[in-house]
Amino acid sequence: MTDSPLRPGAGCGAAILDDQGRLLLIQRLKEPEAGAWGLPGGKIDFGERSEDTARREIEEELGIVIELTRLACISEIIDGGDGQHWVSPIYEARIVSGAPRIMEPEKHGGWGWFSRDELPEHLTTPAITFLETTANGAWRPALKQSL
């Protein structure tokens, strides 16, 4: 145990899957992990439940309303380029209304639906954690090709 006054931050994200099993990813423009493709989500505000944060952040980022279907995994980023430590629950989700679009162009460079065979090359730690720990490893071969 250290005596550091620094504490991990809490974030959350959602792995949004469509009816074809494709995963929605957004490209980050800011740290942590700027330039990488990842799951939408964001920082949990004090007193806000992580499930509520995931729904709020994704509506702010992509203009869609989602339903969380399950807690998929927990991700951790330690110094993803910003010198910080983040712990994040990742939920599986589906869109219940709206069509994805970039609502915060200063934060995100684009979005897209990706199948196992079409993953982008640079993925965020939470996206990798989700892909490695879900679907009984079904994403693993494609993930190795994209890293």
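1. Helices (H or I, at least four residues) and strands (E, at least two) are DSSP runs, numbered from the N terminus. This is a predicted model, in which local features need pLDDT of at least 70 and side-chain atom pairs count only at pLDDT 80 or more, while totals for chains, interfaces and linings use all residues. Residues are numbered from 1 along each chain as its sequence is written, and side-chain values use heavy atoms, with hydrogens and water left out.

2. Start with aspartate 18. Its place is the loop between strand E1 (9-16) and E2. Aspartate 18 counts as buried because its relative accessibility is 19%; buried means under 20% relative accessible area, exposed over 50%, and partly exposed in between (1.4 Å probe, protein chains only). The side chain of aspartate 18 makes a polar contact of 2.7 Å with that of arginine 22. Such a contact is a pair of N or O atoms within 3.5 Å; within protein, one must be able to donate a hydrogen and the other to accept it, and residues adjacent in sequence count only if both atoms are side-chain atoms.

3. Next, the sheet. Three strands form an open sheet in the order E3-E2-E7, with antiparallel pairing. Strands E3 (37-38) and E7 (108-114) are the edges, and each pairs on one side only. Two strands pair if DSSP finds at least two bridges between them. E2 (residues 23-28) and E7 are antiparallel over 6 bridges. Leucine 25 has glycine 112 in E7 as its bridge partner.

4. Now the loop between E2 and E3. Proline 32 lies there, and a cis peptide bond with omega of about 5° joins glutamate 31 to proline 32. Glutamate 33 is found in this loop too. The phi of glutamate 33 is near 65°, a positive value in a residue other than glycine. For context, most residues other than glycine have a negative phi, and most peptide bonds are trans. Is glutamate 33 buried or exposed? Glutamate 33 is buried, because its relative accessible area is 15%.

5. Finally, the cores. A nonpolar core is a set of buried Ala, Val, Leu, Ile, Met, Phe, Trp, Tyr and Cys residues joined through side-chain atoms within 4.5 Å. The largest has 15 residues, of which Leu23, Leu25, Leu39, Leu123, Phe130 and Leu131 touch the most other members. E2, strand E5 (65-78) and helix H2 (125-133) each give two or more residues to this core. H2 supplies the largest share, 4 residues. Another core, of 14 residues, lies apart from it, with Ile26, Ala54, Ile66 and Leu68 among its members.
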